[in-house]
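Thank you all for coming; I would like to walk through one model with you this morning. Please have a look at the sequence and the structure first.

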Amino acid sequence: MALQHYFNGEWVPEEKLLISARDLSVVRGFGVFDFLRTYQGKPFELEAHIDRFYRSAGYLELPIPLDKHELTTIVNEGITRNSLPETGVRLTLTGGVASDAYAITPGKPSLIVSFGPIVSPEPRLYKTGGKVITTPHVRHIPQAKSLNYLVAVLAHREAKKVGAVEAVYMDAHSGRIYEGTIANLFVVQDGVVITPRDDVLIGMTRNVVLDLCKKLDIPSREENLYAKELQHFQEMFITGTTKEVMPIVQFDETTIGDGKVGPVTRRLVEAFGELIGRE
């Protein structure tokens with residue numbers, strides 16, 4: 001069955017999911033998006049994702065033509081309409097067509113809610129752990145989930161070439177570590193789970209993991225991280241909508257801990273699996 005998507009007030013098939021070539025999302029990469037998924041057919045952290053979508057739009061001063069309740073209804077309707085085993089939902093707000101080709105006087109934004117199947121990482125990575133590489137970059141307005149993914153796309157290509165599962169942004173001068181292109185970063189030091197505090201996009205899975213730490217009595221804190229501290233980290237993992245809680249055992253050329261998935265990470269991987277109802 002052909003997928004159905006919401007586009008500016010209508011439900012349309014894939015071939016009619018079209019915007020102007022002059023839209024600011026095309027000519028300037030100006031716009032915002034969010035992405036969520038279902039488990040057992042139910043959207044995961046839907047309210048939090050929609051809240052972040054509205055915050056992102058606010059940073060770019062883009063009006064969303066629907067209120068949160070209306071958008072929630074559309075997401076749930078689209079999941080039902082498409083009836084996939086598990087669904088990925090992408091919320092997109094474009095900059096609209098501007099008469100000056102800049103965002104100074106943007107036109108009417110397009111609101112798109114698109115649906116598709118979820119592609120999960122290789123299961124073995126959750127047992128053996130993966131590798132991340134770093135790329136020098138500090139995101140502008142990191143709290144906004146912007147459509148501008150130039151650096152992320154290029155960094156992800158480099159990661160794929162060397163068999164890494166993600167690229168992590170790092171300040172080339174200070175060595176401060178931020179986040180992945182589509183994931184948040186966590187480390188474990190002396191039994192304490194730590195994730196960067198400032199200048200990162202606050203991920204929904206990130207927040208769920210911090211909540212799990214509280215429930216499991218695992219000490220945790222938000223604190224800025226630096227590359228010079230790598231030798232002190234016994235464990236590392238990343239979190240995201242598709243990656244969930246993924247162990248990391250190599251950071252560039254540095255082996256994390258003993259190169260194996262650590263006990264705290266294993267516990268959180270299992271706890272997340274229980275939370276989403278995975279057998």
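Let me begin with Asn-184, which touches Glu-179, Val-200, Leu-201, Ile-202, Gly-203, Arg-206, Phe-237, Ile-238 and Thr-239, leaving aside residues up to four places away in sequence, where contact means heavy atoms within 4.5 Å. This is a predicted model, in which local features need pLDDT of at least 70 and side-chain atom pairs count only at pLDDT 80 or more, while totals for chains, interfaces and linings use all residues. Residues are numbered from 1 along each chain as its sequence is written, and side-chain values use heavy atoms, with hydrogens and water left out.

Asn-184 counts as buried because its relative accessibility is 6%, buried being under 20% relative accessible area, with a 1.4 Å probe and protein chains only. It belongs to strand 10, residues 184-189, strands being DSSP runs of E with at least two residues, and helices runs of H or I with at least four, both numbered from the N terminus. A polar atom of the Asn-184 side chain lies 3.0 Å from the backbone oxygen of Leu-201.

Turning to the sheet, six strands form an open sheet in the order 2-1-6-5-3-4, with antiparallel pairing, where two strands pair if DSSP finds at least two bridges between them. Strand 2 (10-13) and strand 4 (42-43) stand at the edges with a single partner strand each, so one side of each has no neighbour in the sheet. Strand 1, residues 4-7, is joined to strand 2 by four bridges, and Phe-7 stands opposite Glu-10.

Finally, in the second largest pocket, helix 7 (263-275) is one of the elements that supply at least two lining residues, and helix 7 gives the largest share, six residues.

Methods: Buried < 20%, exposed > 50% of the residue type's maximum accessible area, 1.4 Å probe, protein only. Polar contact = N/O pair within 3.5 Å; in protein donor to acceptor, adjacent residues only side chain to side chain.
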